[in-house]
Amino acid sequence: MANPCSLVLIEWEDSARPIPEWRHLSDFGHSGAIKCASVGWLLHDGEDKKVLAPNMGDVEDERNIQACGVIQIPTRCVTRIRRLEETD
C-alpha cells in the first residue's frame, strides 16, 4: 500500500449529545465526558487537531489516494494515541 500516513488508534473524550426534550433542572445529573476510540490513518497530527481517515481508496497510487469518513478531533480531547502495525 502506498499510503504515507500512520495507522493509529486514538482514544479521546467528547461531550454527551444534547438532550432534546424539556426537563426540569432538578432532574439533570452530572454526567462526565464520553470516552471514544477511533481507528484510522492519521492525516494531520497538529497542535490544535488530529485528522483521522478510517477509509482510504485507490491506495496503490500515492498521487491519487482518496479518503472518506474523515474526522477532526481537537488535540485537547485526545487522551492517548497508539500507533498500529500494518501487516502484509
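## Charges and the model

In the protein chain, the mean positions of the 10 positive and 15 negative charges lie 7 Å apart. Here Lys and Arg count as positive and Asp and Glu as negative, with His and the chain ends left out.

Please keep in mind that this is a predicted model, where local features need pLDDT of at least 70, side-chain atom pairs count only at pLDDT 80 or more, and totals for chains, interfaces and linings use all residues. Residues are numbered from 1 along each chain as its sequence is written, and side-chain values use heavy atoms, without hydrogens and water.

## Overall build

The protein chain has 7 strands and 0 helices (DSSP runs: strands are E, at least two residues; helices are H or I, at least four). Its radius of gyration, taken over C-alpha atoms, is 17 Å, well over the 12 Å from the globule rule for 88 residues, so the chain is more spread out than a compact globule. That rule is 2.2 Å times the number of residues to the power 0.38.

Along its principal axes, the C-alpha trace spans about 55 × 25 × 25 Å. Buried residues (under 20% relative accessible area, 1.4 Å probe, protein chains only) make up 23% of the 88 residues.

## A look at Ser38

Ser38 sits in strand β2, which covers residues 34-45. Ser38 counts as buried because its relative accessibility is 14%.

Beyond its neighbours within four places in sequence, Ser38 is in contact (heavy atoms within 4.5 Å) with Val8, Leu9, Ile10, Trp12 and Leu52. With Trp12 there is also a side chain to side chain polar contact at 3.1 Å (a pair of N or O atoms within 3.5 Å, one able to donate a hydrogen and the other to accept it; residues adjacent in sequence count only if both atoms are side-chain atoms).

Notes. Buried means under 20% relative accessible area, exposed over 50%, partly exposed in between (1.4 Å probe, protein chains only). The place of a charge is taken as NZ of Lys, CZ of Arg, CG of Asp or CD of Glu.
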